[in-house]
Amino acid sequence: MSFKDDIKTLRRQSNLTQEALAQKLHVTRQTVSTWETGKNMPSLETLHALSQLFNISLEKLLFNEEIAMKKDKEPSLATQIDHDVKLKSRYRRWTFGLGGLIVLALVSIGILCLGYYKGIGTIDRFDPFLSYKVGYTKLPSEKEISPNNKATNGYWTAWFTDNTMGMNGPN
């Protein structure tokens, strides 16, 4: 017998309709029909679910024969497939997790570079690569910022110094 005949026979022996089998495997009735007509084959995950549902080995389900186990206790094909499916899921999670961290790091570095390039103070505040300098300012006297001051037209410019007392600025 072939797979298409075996699946139909197993389904009928279990008193299941195509619809009931499809619901148990989370597929459509048409999918079960294509298996039974030989137009399509189920995925490995579905084959594993079928072997567990009908309590039959995967080798018997696929090849209609039991494959004898070697004396060195080699795991069955179904066990190997189940292990591979679990590893695939684990690798996918790790790949997405590491990829997300890399993207987050790149975006963070991009934002810090943008803040440095554009001179955005809010972003620069969080930039660990910038060195900080402490500066002091000396404010001008009232006479210099008076609106009546003809020399400066009432305007003044600020000057900065590294001296804590602010004594090195222009006087």
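Me: Hi! What should I know about the model before we start?
Reply: It is a predicted model, where local features need pLDDT of at least 70 and side-chain atom pairs count only at pLDDT 80 or more, while totals for chains, interfaces and linings use all residues. Residues are numbered from 1 along each chain as its sequence is written, and side-chain values use heavy atoms, with hydrogens and water left out.

Me: Thanks. How many helices and strands does the chain have?
Reply: There are seven helices and two strands. Along the sequence the pattern reads α-α-α-α-α-α-α-β-β. Helices (H or I, at least four residues) and strands (E, at least two) are DSSP runs, numbered from the N terminus.

Me: And how much of the chain is buried?
Reply: Of the 171 residues, 22% are buried. Buried means under 20% relative accessible area, exposed means over 50%, and partly exposed is in between (1.4 Å probe, protein chains only).

Me: What share of the contacts comes from residues 24 or more positions apart?
Reply: Such residues account for 38% of the contacts in the chain with a separation of 6 or more. A contact means heavy atoms within 4.5 Å.

Me: Let's go to α1. Which of its residues are buried?
Reply: They are Phe3, Asp6, Ile7, Leu10 and Arg11. Seen down the axis of α1, these buried residues fall within an arc of 130 degrees, so they line one face of the helix. The arc is that of the directions from the helix axis to the C-beta atoms.

Me: Why would residues a few places apart point the same way?
Reply: An α-helix has 3.6 residues a turn, so residues three or four places apart point the same way.

Me: What's on the other side of α1, and what covers the buried residues?
Reply: Arg12 and Gln13 are exposed on the other side of α1. The cover over its buried residues includes α2, α3, α4 and α5.

Me: How do α1 and α3 pack?
Reply: Their angle is about 125 degrees, and their axes are 6 Å apart. Axes are lines fitted to C-alpha atoms, for helices over the stretch in contact, and angles run from 0 to 180 degrees between N-to-C directions. α1 and α3 are therefore oblique to each other. Angles under 35 degrees count as roughly parallel, over 145 as roughly antiparallel, 65 to 115 as roughly perpendicular and the rest as oblique.

Me: Which residues make that contact?
Reply: From α1 come Phe3, Lys4, Ile7, Lys8 and Arg11, and from α3 come Trp35, Glu36 and Thr37. By class, this contact of α1 with α3 has three nonpolar, one polar and four charged residues. Ala, Val, Leu, Ile, Met, Phe, Trp, Tyr, Cys and Pro count as nonpolar, Asp, Glu, Lys and Arg as charged, and the others, Gly among them, as polar.

Me: What follows α1?
Reply: Asn15 does, and its phi is positive, near 55 degrees. Asn15 is in the loop between α1 and α2, and it counts as exposed at 70% relative accessibility. Most residues other than glycine have a negative phi.

Me: What about His26? Where is it, and what is its phi?
Reply: His26 sits in the loop between α2 and α3. Its phi is near 60 degrees, a positive value in a residue other than glycine. His26 is exposed too, at 73% relative accessibility.

Me: Switching to Arg29: what does it touch?
Reply: Arg29 is in helix α3 and touches Gln18, Glu19 and Ala22, leaving aside neighbours within four places in sequence. Arg29 and Gln18 are eleven residues apart in sequence and 5.6 Å apart in space, C-alpha to C-alpha. At 33% relative accessibility, Arg29 is partly exposed.

Me: Now α4. Which residues are buried there, and what do they pack against?
Reply: In α4 (residues 44-53), the buried ones are Thr46, Leu47, His48, Leu50 and Ser51. They pack against α1 (3-13), α2 (18-25), α3 (29-37), α5 (58-63) and α6 (77-118).

Me: What does Ser51 touch?
Reply: Ser51 touches Ile56, Ser57, Leu58 and Leu61, not counting residues up to four places away in sequence. The relative accessible area of Ser51 is 5%.

Me: Last one: how do α4 and α6 pack?
Reply: They pack at an angle of about 135 degrees, with axes 10 Å apart. Leu44, Glu45 and His48 of α4 meet Ala78, Ile81, Asp82, Val85 and Lys88 of α6.
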